[in-house]
Amino acid sequence: MKSKTKILKIKETEQDFVVFAIVSSEDDYYLAGNINSILSLDLKRIEHPALQNEHLNGKIVSCFNYTCPKTNVEYSFICNRCEEFRLIPQLHNIDFILKISGSLTKEQINSIAAAIRTVKGITACMNLIVKKTPSFEILKRI
């Protein structure tokens, strides 16, 4: 007796990572703390190897990271500005970047974006489509 093979169809709504561009005049520690509270995270400051590169002209780029042990989703909160320096020059009006790596549905992405917009001190939060931009390569390494 032959068993039938079942085919599982996967919807194309999942992404490898999503990037939010954040505008705020607040400092990185203050915002990381507020994001931790709103999204129930535990972002901690780290020295990311991709952000210690020579092309950063000796600037120290702050980065906070957290990986959820239950979902294995990784959150990286990165400062895009350091005085006049911009980590991603094409985003000169953006102060911070929140990169979320892992399998997320559109509903989850929209829910996270809505929550981020409620964080005290954030004046704007936009979902970036970065796969076809020069900033994609650096964001892929973070």
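A: Contact here means heavy atoms within 4.5 Å. On that count, take the pairs in the protein chain that touch and are at least 6 apart in sequence: 64% of these contacts join residues at least 24 apart. Keep in mind that this is a predicted model, where local features need pLDDT of at least 70, side-chain atom pairs count only at pLDDT 80 or more, and totals for chains, interfaces and linings use all residues. Numbering runs from 1 along each chain as its sequence is written, and side-chain values use heavy atoms, leaving out hydrogens and water.

The wider picture first. Walk along the sequence and you get β-α-β-β-β-β-β-β-α-β-α. Of the 142 residues in the protein chain, 44% are buried (buried is under 20% relative accessible area, exposed is over 50%, partly exposed lies in between, with a 1.4 Å probe and protein chains only).

Now the helix to zoom in on: α1, which covers 28-39. A quick check on its geometry: its 12 residues, at 1.5 Å each, should span 16 Å, and its end C-alpha atoms are 16 Å apart, so the two agree (the expected span is 1.5 Å times one less than the number of residues). The buried residues of α1 are D28, L31, A32, N34, I35, N36 and L39. What covers them? Among the elements doing so are β2, β3, β4, β7 (96-104) and α2 (106-117).

F64 gives you the view from the β3 side, as that is the strand it sits in. F64 counts as buried because its relative accessibility is 2%. Skipping neighbours within four places in sequence, F64 is in contact with D28, Y29 and A32, and also with L43, K44, R45, Y75, S76 and F77. D28 and A32 are themselves on the buried list of α1. As for spacing, F64 and I78 are 14 residues apart along the chain, with 6.5 Å between their C-alpha atoms.

The phi of S40 is near 55 degrees, positive in a residue other than glycine. That deserves a flag because most residues other than glycine have a negative phi. S40 counts as exposed because its relative accessible area is 63%.

You'll find N72 in the loop between β3 (63-67) and β4 (74-79), two strands that are among the cover of α1. N72 counts as exposed because its relative accessible area is 61%.

With residues up to four places away in sequence set aside, S101 touches N72, V73 and E74, plus D16 and F17.

How values were computed
Helices (H or I, at least four residues) and strands (E, at least two) are DSSP runs, numbered from the N terminus.
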